Amino acid sequence: MIPGKDTTTEKTNSQKEKYGSFALFDIEHFLRRILKNWYWFVIMIFIGYSVSWIYSKYYAQSIYASNLSLSISNGTASYFTPSQSVNLIWNNGGNQDGVYLKKMLLSRTHNEFLVKELALYVNYSTKGAIKSTYLDKDDVPVLIEIDKKHLQQVDYPFTLVPKGNDRYEVVQPEDGHTINLYSYETEGFSMVDQYERPVNKIISIGEWYTSPNFRFRLVKNPIVPKIRLENIIVRLNTVNKSVNDIVSTISVDFDKEINTIMIITKTGYNLNGTVNFLNTSVSQLQKKRQADKLIVDKNTEAYLQESLDKIRKKLDSSANVLNDMKTNEKLYDIKDRDEKSLNEIKDLEAKKADLESKISSLNQIKQSLATQNFDKMISTSAAGFQDGAFTASVSELKALYLKKREMALIYTPNSEPMIEINKLINEARMNSGGVLTNYYAQYYKDIQKINEKVSEANSDLDAYPEKQRKYLDAERGYNMIEATYNSLLTRQNETQMKMAANQSDITVIDPAKNLGQAAIGPNVKVVKITIMGGLLVIPLLFILIGEVLDTKIRNIKELLNATRIPLLGVIGNNNNENMLTVLEQPKSSVSEAFRGIRANIRFLSGENDGSKIILVTSSIGGEGKTYVSINLASVLGLSDKKTILLGMDLRKPKIFGDFRIDNKFGISNYLTGEVEMEQIINKTRIPNLDVATSGPIPPNPSELLMSERNIKFLEDLKKLYDFIIIDSPPVGLVADSYELMKYSDANIYVVRHEYTEKYMLKMITEKYHKGEAENLGIVYNDYVSKQGYGYGYGYGYGYGYGYFDEDKNYKEPLLIRIRNKVREIFNKK
């Protein structure tokens, strides 16, 4: 059976539709192309490794990270700490105090203070032969102290070159100086007059360096650096840029088990710099936090002191009245006093005085809320209560007012965000006001009860004479004022003790330290893999694009699956200067392949004993149909079969050149009646092989080939020859071959490897499966030299190079040689 022969007699419509359709992407051929171009991947890997090595060695800046952990004391909420509800409003999770501290640590205000306090707008680095290294203040022998009243040029690095004896040469770059200079006082830019680049100047420590674009002096670093620097590069940044750069390198996380523990991480190019910043940042935060807590206590202490001063005056006045009565009216004591009733009244009026004092404190708190004067708020303890809900509502209201001020810069008063924030403010005011109203009601209710009890007790004193009752009233008034004074004094003492014992609610658990931590970035391995992988993608992408855009036949298996046309044989590359491979190299693998085709033709033409007409065609010119025709005719002639080769491609004659035959007269002359048949038949050096060339190109080749004379010509030849080989025109260009197929016994369709377009096989495949082109077989031409995979489809199909004597100079591809060498090694074992 012919390889690929389809024995199915009936085909469904769906099968017929998919015949001639090739896959858009051939994974097998794609992998082969990758293997064929393996050296490009090796080159890219080498280039990628070299680039990544140079990058990591000379250009990559190491990034370090330091950590600091702290705990936040519970129950420290105040007017200056947003409540949980505020955090939820602005989509903040975690504990309320922790989230507030996180906001502070990442706030512009806090970090701007640090930038100015630590002069973090001055950046230091040093440059070696290739690589630059960022430095911390502890790494440089001298620090830069700028004159903030003088305009400075930012983002313009100048160099300090040590000259010995605490002297340094200031070198500004050749280019880049500008007239747009920065003011550290106003934090804005100003234009100055044009100026020439300042010349290099040597200055000593403590000496001011002045130029149109800089004014600074060198300050000796109290910390002696561990390394000696050949140069110090200084770059100034704006305050805003410095703040933004710092904030972008800080992260704050909460412990998963204890959410009051915070872990703060700072990344940077210098480990000492991250450590110093974290410790300083938290230290300042502790001071700020402690100061915030003292504000309310100080306000409360001042309020109580003011109230005490006022009560003291009333107490002195009341004491004077009582003493006057004792002196002038001689009322030192009253006989038969009802001490029980008097003591009861005294206790009740002391309680009443305390309640009135608390109501006065409530009035102060209420007024601060109404005027939004949160910085003057006093503690609720002055009003006699500790209410977390009220404290939360006040802090929420304070935060909402601050948020509204920020939003007012962006949104119009009637916009949706402003309406929403006003709604939240009203709700917070109602919440805080509701809490105060409840305490007002409770205090007034208690006062009313006290008044009722005092009234009952007074009924027992009505029997006293008027003069004595007047004395008792004066004494009661004094006692009441004294009780108020004592109550305020007690609360003031409590507040002062609280202030004296005040400590920050932030406790550092683990400060940031330089423990020689390894750099966290860049990840050299990832960079190396990324660079090498990216370069490997380049040839892969080119191969992939080439594969997707490639429409040529490159795979025998795919060809057979798509066409379902029998495969007669596979022909290798013709290394000869002419087409007479079978004659010139009879012992080559290509010649053997034609002998295999000769054997397979009988499956197409049947076993009849009559002459066989074999038509050879292809899609277009250049696919090797003439080459196949010549060599097929040669092997038939050499097998003692009387054979004639007909050059019926009248549009493009070729055969005569290889057989060195004069093409003056040929088939075209015979078909026009100019000559007789005997005149166009030429003998060759193969006794049983004759050739009839095409002859001169006629004006009407199709009409001649389809003429009755041509049909009779073939009938006459069948009487004289065993095989008639027709080299016909390509079917993809003209329809002549389809007409000639009606008279042929076998039809050979030549497909050339990596040359024939896939779409060109659509027509012949459809005709074959419709029964319009019978006895058809494919010859796959020019396979070995292009693919170079040695044995692959089977002996006898034309690419067993190296087996035959005349192929001894054939050199196998590198991959095949490597494979064979590996096999040889393992076979020895």
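**Close-up views of a predicted model**

**View 1. A cluster of aromatic rings.** Tyr156, Phe158, Tyr209, Phe214 and Phe216 are linked into a cluster by ring pairs (rings of Phe, Tyr and Trp, the latter by its six-membered ring, pair if their centres lie within 6.5 Å; planes under 30 degrees apart count as stacked, over 60 as edge-to-face and the rest as tilted). The model is predicted: local features need pLDDT of at least 70 and side-chain atom pairs count only at pLDDT 80 or more, whereas totals for chains, interfaces and linings use all residues. Residues are numbered from 1 along each chain as its sequence is written, and side-chain values use heavy atoms, with hydrogens and water left out.

**View 2. The pair of Tyr121 and Tyr184.** A search of the whole structure finds 17 aromatic pairs. Tyr121 and Tyr184 form a tilted one, 4.6 Å centre to centre with 40° between the planes. Tyr121 is in the loop between α6 (108–117) and β2 (122–127), and Tyr184 in the loop between β7 (180–183) and β8 (188–191), so the pair ties together parts 63 residues apart in sequence (helices, H or I of at least four residues, and strands, E of at least two, are DSSP runs numbered from the N terminus). Tyr121 counts as buried at 4% relative accessibility, and Tyr184 is buried at 6% (buried means under 20% relative accessible area, exposed over 50%, partly exposed in between, with a 1.4 Å probe and protein chains only).

**View 3. Charges over rings.** Arg709 lies over the face of Tyr670, 4.2 Å from the ring centre. The charged end of Arg752 sits over the ring of Tyr755, 4.9 Å from its centre (the criterion is NZ of Lys or CZ of Arg within 6 Å of the ring centre and within 35 degrees of the ring normal).
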